[in-house]
Amino acid sequence: MYGQMQSTNRPTQDGEDEGSRNYMGYPSSNPPSMQRQLTPGTNFASGNQVMHSQVFGGTPAALNSPFPGTPRTPATPGTNEAAAILPQLQNIVSTVSMGCKLDLKKIALHARNAEYNPKRFAAVIMRIREPRTTALIFSSGKMVCTGAKSEDESRLAARKYARVIQKLGFPAKFLDFKIQNMVGSCDVKFPIRLEGLVLAHSQFSSYEPELFPGLIYRMLKPKIVLLIFVSGKVVLTGAKVRQEIYDAFQNIYPILKSFKKT
């Protein structure tokens, strides 16, 4: 009926037969040339598949799309969107050994930007501006460097702190430098239903909004801890190398997409 009403609204052009006029008002009855190829038991959908394969050159398997000429192809949800979002490194924690015992009081008295309060914390806290980092220097000769934004910055800062210790007269070396933790963050740009996420992934996540506003998701492979907030902000921590941050986000993004607030 719908096809007949459409076809009657337009007068027949010169050289145009009745069958082609009905075909132009999709969906409508099939042209006579198409009707001969359809068996009496063929339904409307299969009829359109044959029409599409002859007119547009598509295959019947790709014709489940409600729009002609746009065959559906399998897609991995969230893959393309996740690739466009790259977590940014916010903090790197590294450790190094200077291979000698240190007099923390002497370091605190003679070094710039250093503070030492043994009643509060048993290490000298030293800071430099470039790269903007903070070091915890212990009497055993161990040092922890925090605040760097990249692996190279962390190594450079640790070398600068070791050089300061050397200038104070200690036989400091630069041994066993190792990155212990990397922290990254990103924004997926849509709100997330944390209540639904914690119910569906209760084995890996915990959510106590009275204590902390974010959902804590403990991924097993890679072994990364994610803090997920309702605003769409995500913090990833616990990585030893940069690629673990990226892999963890690629894994979590389709899950976050499925719990997007509408």
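Q: What is a nonpolar core, and which residue types count?
A: A nonpolar core is a set of buried Ala, Val, Leu, Ile, Met, Phe, Trp, Tyr and Cys residues joined through side-chain atoms within 4.5 Å. Buried means under 20% relative accessible area, exposed means over 50%, and partly exposed lies in between, with a 1.4 Å probe and protein chains only.

Q: What kind of model is this, and how are residues numbered?
A: This is a predicted model, in which local features need pLDDT of at least 70 and side-chain atom pairs count only at pLDDT 80 or more, while totals for chains, interfaces and linings use all residues. Residues are numbered from 1 along each chain as its sequence is written, and side-chain values use heavy atoms, with hydrogens and water left out.

Q: Which residues touch the most other members of the largest core?
A: I107 and I228 do, in a core of 55 residues. Helix 9 (residues 242-258) gives the most to this core, with 8 residues.

Q: What does I107 touch?
A: Beyond residues up to four places away in sequence, I107 touches L102, A114, V124, M126, I165, L168 and F170. Contact here means heavy atoms within 4.5 Å.

Q: Over which ring does K106 lie?
A: K106 lies over the face of F170, at 5.1 Å from the ring centre. Likewise, R159 lies over the face of F174, at 4.2 Å from the ring centre. The criterion is NZ of Lys or CZ of Arg within 6 Å of the ring centre and within 35 degrees of the ring normal.

Q: How many aromatic pairs are there?
A: The structure holds 6 aromatic pairs. Rings of Phe, Tyr and Trp (its six-membered ring) pair if their centres lie within 6.5 Å; planes under 30 degrees apart count as stacked, over 60 as edge-to-face and the rest as tilted.

Q: Why does the pair of F212 and F229 count as edge-to-face?
A: The ring centres of F212 and F229 are 5.8 Å apart and the planes stand at 65°, so the pair is edge-to-face. F212 lies in the loop between strand 7 (205-206) and strand 8 (215-219), and F229 in the loop between strand 9 (224-228) and strand 10 (233-239), so the pair ties together parts 17 residues apart in sequence. F212 is partly exposed, at 32% relative accessibility.

Q: Which rings form a cluster?
A: F190, F249 and Y253 are linked into a cluster by ring pairs.

Q: Turning to the fold, how many helices and strands are there?
A: The chain has 9 helices and 10 strands; these are DSSP runs numbered from the N terminus, with helices (H or I) of at least four residues and strands (E) of at least two.

Q: In what order do the strands of the sheet lie?
A: The open sheet of 10 strands has the order 2-3-4-5-1-6-10-9-8-7, with antiparallel pairing. Two strands pair if DSSP finds at least two bridges between them. The edge strands, each pairing on one side only, are strand 2 (114-115) and strand 7.

Q: How many bridges join strand 1 to strand 6?
A: There are 8 bridges between strand 1 (residues 88-97) and strand 6 (residues 175-187). Strand 1 also pairs with strand 5 (residues 142-148), over 5 bridges.

Q: What are the partners of I92?
A: In strand 6, the bridge partner of I92 is M182; in strand 5, I92 stands opposite A148.

Q: Where does G238 lie, and what is it in contact with?
A: G238 lies in strand 10. Apart from neighbours within four places in sequence, G238 is in contact with N181, M182, K223, I224 and E244.
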